[in-house]
Amino acid sequence: MDQEHLPDSILIVDFGSQVTQLIARRVREAGVYSEIAPFTMAEEAFHRMKPAGIILSGSPAGVPEDGSPRAPDILFEAGIPILGICYGQQVMSHQLGGEVRPGHETGEGGEFGRAYLTVTKECALFDGLWNVGERHEVWMSHGDKVTRFAEGFEIVATSDGAPFAVIADEARKFYGTQFHPEVVHTPDGGKLIANFVRHVCGLAGDWTMAAYRETKVREIREQVGDKRVICGLSGGVDSSVAAILIHEAIGDQLTCVFVDHGLLRLNEREQVETMFRDHYNIPLVTVDAEDMFMEGLTGVTDPEAKRKFIGKTFIDVFDAEARNVGGADFLAQGTLYPDVIESVSFTGGPSVTIKSHHNVGGLPERMNMSLVEPLRELFKDEVRELGRELGLPDMFVGRHPFPGPGLAIRIPGEVTKERCDILRKADAIYLDEIRRAGLYDAIWQAFAVLLPVKTVGVMGDARTYDSVCGLRAVTSTDGMTADVYPFDAAFLTGCATRIVNEVQGINRVVYDYTSKPPGTIEWE
């Protein structure tokens with residue numbers, strides 16, 4: 001968000017924890033805007049955001065290790081509240097003059113999983129929530145521990161494995177928890193974080209989607225002026241909400257381009273054209289580019305190569321259409337916050353980037369266009385909330401996520417028109433069965449995958465040798481982590497029967513039971 005319009009906010013410094021995004025979610029659930037910055041970019045984010053408070057995340061690293069991450073000193077000198085979580089507590093203690101030692105050196109080992117702490121002293125973090133002498137369940141996950149805290153700090157809660165379970169410097173409003181309040185396994189964790197951002201940092205907790213909508217409309221108008229914007233529609237919720245928000249801001253200065261690349265769900269083109277042309281009366285150009293994409297994907301099997309080809313070709317198509325509609329100065333995209341997080345390594349390098357996204361990271365210089373990304377700060381459920389705020393029907397807002405590269409990343413191996421047609425039919429049957437069972441809204445994302453595996457089967461008296469279809473369904477809050485949806489056997493059997501009977505080219509169906517992590521939601 002532009003600095004001028006940035007709301008009262010919390011900066012979250014990421015040291016590489018797998019659950020850093022949960023901190024951002026808890027802060028936002030408290031009605032306060034937050035952003036995550038890798039520790040390597042924290043100083044820049046601090047100057048840009050001018051936050052009201054800072055939260056330091058956990059980390060897979062250990063403070064005593066050579067080269068382990070540190071927070072910029074300016075954060076501790078800024079005179080604003082800081083909450084350090086796990087590694088964040090340890091690194092804050094170390095940088096302010098305390099001591100952190102590995103668990104094996106103290107002879108006490110680490111502390112992992114459920115633990116119980118005892119409140120030993122009143123603390124602003126605990127106001128209205130925890131009282132002296134009470135025991136409370138928390139979630140620990142640490143090997144190192146603070147063995148000497150920095151000057152000004154005092155212990156306000158202890159546990160069997162963490163004598164410094166919570167420390168506080170009330171004068172500076174610095175707090176450290178050895179446990180993880182951001183995870184659901186700490187029952188009062190969300191309330192503790194809300195206490196920090198609202199009571200300690202003094203923020204009102206009035207960040208809402210209505211306010212976000214108003215701010216973004218103003219920012220879009222200021223950014224675009226009287227120029228033209230071209231927006232690529234994928235048919236999914238993200239690009240559609242982005243387009244409607246931008247249209248509210250600048251009206252017919254926006255032209256939407258829907259690329260039929262042959263990688264869409266069944267009847268998706270017709271649904272998009274009907275909604276945007278008939279319901280919203282937004283200028284829409286449909287480009288039939290199936291042959292171009294299929295030709296370019298011939299022989300391509302590497303997932304990253306697929307994504308990069310599709311992303312590049314999208315840009316090429318947009319570039320051509322921008323010229324066809326009389327030129328455009330801006331390209332609008334439905335980039336979300338998880339896309340941004342997953343596409344940037346917390347160390348600032350490429351080593352732990354999970355996947356590339358064709359809508360993250362800027363544009364080729366030759367396009368001479370700037371990006372408009374009004375959803376870049378939002379998680380998926382927040383985009384749905386914004387869609388409802390904009391008046392989109394629940395049936396559309398609640399649609400499961402669909403990846404930018406479409407069916408290409410649900411067909412491991414080579415992508416062909418024939419394989420896309422087979423997968424489209426199987427996917428439609430699967431989702432139809434889910435809707436009939438009344439389960440669609442209980443599932444974050446469900447889809448079919450066409451595997452590059454053929455198996456022997458028997459249909460009637462004939463031998464078959466056809467493809468395997470994998471089914472995937474997960475529950476999630478924001479797509480950063482996900483659990484498998486626990487269908488009963490009868491439901492899965494019914495899906496398999498319909499798919500095998502109704503889709504020529506598939507003779508076996510399997511169900512994917514992998515959570516995220518260790519897997520991703522999509523197969524590629």
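Modeller: What follows is a set of questions on a predicted model, with each label set against its cut-off.

Colleague: Why is Val146 called buried?

Modeller: Buried means under 20% relative accessible area. Val146 has 5% relative accessibility, so it counts as buried. Val146 lies in strand E8, residues 145-148.

Colleague: What does Val146 touch beyond its neighbours in sequence?

Modeller: Leaving aside residues within four places, Val146 is in contact with Gln89, Gln90, Ser93, Glu99, Val100, Phe164 and Gln178. Contact means heavy atoms within 4.5 Å. As for Gly98, it is 48 residues from Val146 in sequence and 7.6 Å from it in space, C-alpha to C-alpha.

Colleague: And why does Ser476 count as partly exposed?

Modeller: Under 20% is buried and over 50% is exposed; partly exposed is in between. Ser476 has 23% relative accessibility, so partly exposed is the label. Ser476 is in the loop between E18 and strand E19 (483-484).

Colleague: Which residues does Ser476 touch?

Modeller: Trp444, Thr481 and Ala482, not counting residues up to four places away in sequence.

Colleague: What makes E3 a paired strand, and with which partners?

Modeller: Two strands pair if there are at least two bridges between them. Four bridges join strand E1 (residues 9-14) to E3, and the two run parallel. Three bridges join E3 to strand E4 (residues 82-85), also parallel. Both pairings therefore meet the cut-off of at least two bridges. Ile54 shows the arrangement: Leu11 stands opposite Ile54, and Ile82 is the bridge partner of Ile54 in E4.

Colleague: What makes the largest nonpolar core a core, and how many residues has it?

Modeller: The residues must be buried, of the nonpolar kinds, and joined through side-chain atoms within 4.5 Å. Here 50 residues make up the largest such set. Tyr430, Ile434, Phe487 and Tyr511 have the most contacts inside it.

Colleague: Which elements supply this core?

Modeller: At least two residues each come from strand E13 (254-260), helix H10 (290-297), helix H11 (303-324), helix H15 (417-436), strand E17 (445-459), strand E18 (462-475), helix H16 (489-502) and strand E20 (506-511). H15 gives the most, with eight residues.

Colleague: What does Tyr430 touch?

Modeller: Its contacts include Ala446, Phe447, Leu471, Phe487, Phe491, Cys495 and Tyr511, not counting residues up to four places away in sequence. A second, separate core has 43 residues, among them Val119, Val138, Tyr175 and Leu203.

Colleague: What makes the second largest pocket a pocket, and how much space lies in it?

Modeller: A pocket is an open set of points, whereas in a cavity the probe cannot get out. About 820 Å³ of space lies in this pocket. It is lined by 33 residues; Met395, Arg399, His400, Arg435 and Tyr440 are the closest to its centre. Helix H9 (268-279), helix H13 (380-389), helix H14 (394-397) and H15 each give two or more residues. H9 gives the most, with seven. By class, the lining has 13 nonpolar, 10 polar and 10 charged residues.

Colleague: Which residues of H13 are buried, and against what do they pack?

Modeller: Lys380, Glu382, Val383, Arg384, Leu386 and Gly387 are buried. The buried residues of H13 pack against helix H1 (20-29), helix H7 (209-224), helix H8 (237-250) and H14. Gly391 follows H13, with a positive phi near 95°.

Note on methods: Residues are numbered from 1 along each chain as its sequence is written. This is a predicted model: local features need pLDDT of at least 70, side-chain atom pairs count only at pLDDT 80 or more; totals for chains, interfaces and linings use all residues. Side-chain values use heavy atoms; hydrogens and water are left out. Buried means under 20% relative accessible area, exposed over 50%, partly exposed in between (1.4 Å probe, protein chains only). On a 1 Å grid over the protein atoms alone, a cavity is a set of points where a 1.4 Å probe fits but cannot get out, and a pocket is an open set with protein on both sides within 12 Å along at least five of seven lines; lining residues have an atom within 4 Å of a point. Grid points are joined across faces, edges and corners, and a volume is the space filled by probe spheres set on the points. Ala, Val, Leu, Ile, Met, Phe, Trp, Tyr, Cys and Pro count as nonpolar, Asp, Glu, Lys and Arg as charged, and the others, Gly among them, as polar.
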